[in-house]
Each structure stands twice: as C-alpha cells, then as structure tokens.
Amino acid sequence: MTEVINKSLRDSKGARWGALAVVSFTMLCGYYINYVISPLKPLLEEYMGWTSADFGVWNSAYGWFNVFFLMLIFGGIILDKMGVRFTGLGAALTMIVGTALQYYAIEFPMEGTILGFKSSIAIGALGFGIFGMGVEIAGITVSKIIVKWFKGKELALAMGLEMATARMGTALALAVPLPMAKALGVNGMPSISAPIMLGLGLLVAGFIAFLWYTFMDKKLEKSEGISDEVSEEDAFKVSDILFIIKNKGFWLIALLCVLFYSGIFPFLYYATDLMINKYGVNEDFAGAIPSLLPFGTIILTPFFGNLYDRKGKGATIMLIGSVMLLAVHSFFAAPILNHYIIAIVLIILLGVTFSLVPSAMWPSVPKIIPEKQLGSAYALIFWVQNWGLMGMPLLIGIVLEKYCKVVDDNGVFSHYDYTLPMVIFAATGLLAIIVAAALKAEDKKKGYGLERPNMA
Ligand SMILES: NCCCC[C@H](NC(=O)[C@@H](N)CCCCN)C(=O)O
C-alpha cells in the first residue's frame, strides 16, 4: 500500500466538518419525507376516507423492500463493493422516485383496490417502500462516510451532529404539514399533497448536495493517495457477513437497535394523533408537541456524543436511555395524567432518551466491527431494525382499529383510547433494558472498549 506522505484532507477541520454538513443536509431532506404524513392522519381520515389500518399499512411499507427483499443487505454489499459515491447517489435518486409515487397517490386518489388494498394506499405505500429503501441505504452510506472522515477524531460528535441535522427534518415534518395543508387549501378542502411536494423539492436539493459531496470524497482519496475508491483488499467478501453475524456484540447492538427504535420512530407516526385523542390538544397545534422531541435531540445528541468521545461510558449511556424509554412510555400509557403539560414534559424526556442511546450506539459499532466490514455491519443492523420499523406501525394501526375505538352513547365513534398502544411501546423499553444490560456485560467480558473514550 502507498505510504501516505501528504497530510490527509481528513486532518483539515474545515474539510471534514464541511463534508459532514453536506451529507447531513441530504439526510435532513430524507427525514422530512419520512414523517410528512404523520401529522396529516386526521385530515387523511376526514377527507380521503383513510382508516387507522390504512395509515399503519402505508407507514409499515417503509420496511417492505428493506426487510423482505433484503434490499438493505444488498445495499450494504453494494456500499462495500462500489463505494460511497455510487451508493449515495443511487440512494438519493431512489428517495426521489419513491416520493414522486407518494405524491401521485395523494394528489390523484384512485378508485378500486390492488391486492386487497385501496388503490391509493397500495400505490402510495409502494412509493413509501421505495423511499424507505433509499433513505436507509443513504443512512448506512452516510455512516460509512462519517467513519471515513472522523475515525480517531470526533467520531461520536460527528455522528451526533449528523443525527441532529436529520432530526431537523423530522421536526419540520411534524410541525409544518398540517398548518401548511390547511393554509393552502381551497374552499375548505385542505391541500394534503402540498407538504409532500415540498419534500420532493427538498429531496432534489439533497441529491444535488450529495453530488457535491462526491467531489469532496474524491479530493479526500486523492489526498490519501487512493486512486480506486474500493481497493482489492477492502472489497466485500461473503466471509465478511459470516464474521459479522458470528459476533455476539454485533447481535446485542442490533437487538437493542430494533427494540429501542421501535419504541421511538413508530411512536412518532402516532404521536400527533395521541396528543389529539388522549390529551385533547387542538388539531392545529397537536403536531407541535411531538416536534419538540426532535428539537431536543438536535442539541442533546451531539452533546452526549461529545461526552462519549471524551469520557467514554457508551454502554452505560445506552442502558440509562433504555430505562428512560420504559419510564416515559409507561407514563404515556397511564390512563390518568391527561393534561397537555404532562405530554410536553414526557416528550421532552423522550427527546433526552432519544439522544442518549443513538449518540452512544452508532459510534460503538466501529469498536466491535472492523472498518472494512462497516458498510455490511451497519446494513445488517438497519435490516434487523427495519423489522421493527415495519412491524410496529402496522401492529399499532391494527390494535387501534380493533381494540381502541371509543364510541359515544349513540354508538358514534368519539376517539381512540391509546392505553394499549402505549403499553406495547413501553414493552419495547423493558426489553431494551435487558439487552443493554447484556451488552454492558459482554463489553466487560470481551473488552470492546464501549466504556472507553473514542478520542485518544
Ligand atoms: N450514523 C448514524 C446513523 C443512524 C441514525 C439513525 N437512523 C436509523 O436508525 C435508520 N435506520 C432509521 C431511520 C428511520 C427514520 N428515518 C437515527 O437515529 O436516525
């Protein structure tokens, strides 16, 4: 291998933080589309005749291609084989195609059914599934990019900042669509597709940003004397997958990931509806409360990441976050304490939880898996996680539809009782605690260094 004589571009603070900013923006655009229909649930039910189960199907479609067609695993293999530039551009384009389909399904509702689903739901869900494939592959690509620029430096802080930026997209998606759809409506009919059109525009901007990143990436490799993005020695081998799946630490991280994230992301799909149905918040403001969650994480994820970089204690941070997940969802489940102030406090605490675990989990993966297998490792973790991201919204949608409808004295639907769905979310917290404790013990046994700082 060529000896690196010149200073690597990684050593320039401006270059590495600049690269981070560009790829983080692409993720922000993706995360906006991820949640854009969540606050629109009441409008979709009122004006387009959706049921909670339709909403659940649409949101669960996020994981269809990733899980059943193993697209995430292929994505990881492509990433390790073809490199970050090719994979990232492909992923950004896939997000655009999927979102265009979602827009079409909402803007031009269709009659009839496809495979037993209402046609619009089937087409839109297909679009969301294609989008989900793109945003997940973009996620593993960006993780690998961050390791490429920040290994041995401020890795956890950089990952924290990337997640914080992406969460701004989530916050926008929770706060903007409902008022926007109402403001742009005509003759009392809200424009439900307008917030999706906004997302489509954002995704095109995200694609351009990633294109810009590819030039930065080339410059980085040139500065390190690398002419080929993927060297012979680094290219993907099937044995890499076997190496990863034989590692107990890997499985504990993957399990913690699916449990923890199943208690957060799918919850966000229903959070606006929870605010309306349990806390009696006005429809126009209901999205603003859950949007506080990503806002909190914008500051706290980099804060905890920086703490991990400098002081360590990664496994402990994940355990504390899991305990908080159980506590917060248990309070949401309690059929008392229905004042909206309680909801605000709980959402803020959930924001702390949602900063603790991710800030320590993702930078811990390179401590367990070598860099050349990182693309595949992140892809496998995302794959396991996608079972939860797919299954949980569907489960909650079905549970709401079947067991949680409350009717008034005349037998007319009055509201949803969210107790049972929130008990299900609390259960993810309980299981996450068990896995986080096992990970801490495994770290002690194997010496992965999860409790040690990332920076020398
Ligand atoms: N460098 C960290 C990357 C992971 C960030 C993590 N994203 C995921 O877990 C995705 N697989 C799922 C994202 C679903 C919502 N878009 C995160 O905490 O966002």
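# Helix 5 and its surroundings

Me: Which helices do the buried residues of helix 5 pack against?
Reply: The buried residues of helix 5 pack against helix 4 (64–68), helix 6 (84–107), helix 7 and helix 18. Keep in mind that this is a predicted model.

Me: And which residues of helix 5 are the buried ones?
Reply: They are Met71, Leu72, Gly75, Gly76, Ile77, Ile78, Leu79 and Asp80.

Me: How many residues does helix 5 have, and what span does it reach?
Reply: Helix 5 covers residues 71–82, which is twelve residues. From its first C-alpha to its last it reaches 15 Å, close to the 16 Å expected at 1.5 Å a residue.

Me: What follows helix 5?
Reply: Gly83 follows helix 5, and its phi is positive, near 95 degrees.

Me: Which residues other than glycine have a positive phi here?
Reply: Leu115 and Asn187 are two examples. Most residues other than glycine have a negative phi. Phi is about 50 degrees in Leu115 and near 50 degrees in Asn187.

Me: Where is Leu115, then? Buried or exposed?
Reply: Leu115 sits in the loop between strand 1 (113–114) and strand 2 (117–118). Leu115 is exposed because it has 6 other C-beta atoms within 10 Å, and the limit for exposed is 12 or fewer.

Me: Where is Asn187, and is it buried or exposed?
Reply: Asn187 is in the loop between helix 9 (177–183) and helix 10 (194–223). It has 4 C-beta neighbours inside 10 Å, so it counts as exposed.

Me: New topic. What about Asn386: buried or exposed?
Reply: Asn386 has 24 C-beta neighbours inside 10 Å, so it counts as buried; the cut-off is 20 or more. Asn386 lies in helix 18.

Me: What does Asn386 touch?
Reply: Leaving out residues up to four places away in sequence, Asn386 touches Gly63, Asn66, Val67, Leu72 and Glu136. Leu72 is one of the buried residues of helix 5.

Me: Which residues come nearest to the ligand?
Reply: There are 17 residues around the ligand, and Asn34, Ser143, Pro358, Trp362 and Phe382 come nearest. Helix 1 (13–35), helix 7, helix 8 (155–175), helix 17 (340–368) and helix 18 (374–403) each give two or more residues to the shell.

Me: Which helix gives the most to that shell?
Reply: Helix 7 does, with five residues.

Me: How many residues of the shell are nonpolar, polar and charged?
Reply: The shell around the ligand has eleven nonpolar residues, four polar and two charged.

Me: How many residues are in the largest nonpolar core?
Reply: The largest nonpolar core has 157 residues. Those with the most contacts inside it are Ile253, Leu256, Cys257, Met318 and Ile381. Helix 7 (residues 119–150) gives the largest share of this core, 19 residues.

Me: What does Met318 touch?
Reply: Not counting residues up to four places away in sequence, Met318 touches Leu256, Val357, Ala360, Met361, Ala436 and Leu439.

Me: Last, the whole chain. How many helices and strands are there?
Reply: The chain has 19 helices and four strands. Of its 456 residues, 56% count as buried.

Me: What is the radius of gyration of the chain?
Reply: The chain has 22 Å. A compact globule with 456 residues would be near 23 Å, so the value agrees. The C-alpha atoms fill a box of roughly 80 × 45 × 35 Å along the principal axes.

Terms used:
Residues are numbered from 1 along each chain as its sequence is written. This is a predicted model: local features need pLDDT of at least 70, side-chain atom pairs count only at pLDDT 80 or more; totals for chains, interfaces and linings use all residues. A nonpolar core is a set of buried Ala, Val, Leu, Ile, Met, Phe, Trp, Tyr and Cys residues joined through C-beta atoms within 7 Å. Two residues are in contact if their C-beta atoms, placed from the backbone, lie within 7 Å. A residue is near a molecule or strand if its C-beta atom, placed from the backbone, lies within 6 Å of it. Ala, Val, Leu, Ile, Met, Phe, Trp, Tyr, Cys and Pro count as nonpolar, Asp, Glu, Lys and Arg as charged, and the others, Gly among them, as polar. The expected span of a helix is 1.5 Å times one less than its number of residues. The radius of gyration is taken over C-alpha atoms; the globule rule is 2.2 Å times the number of residues to the power 0.38.
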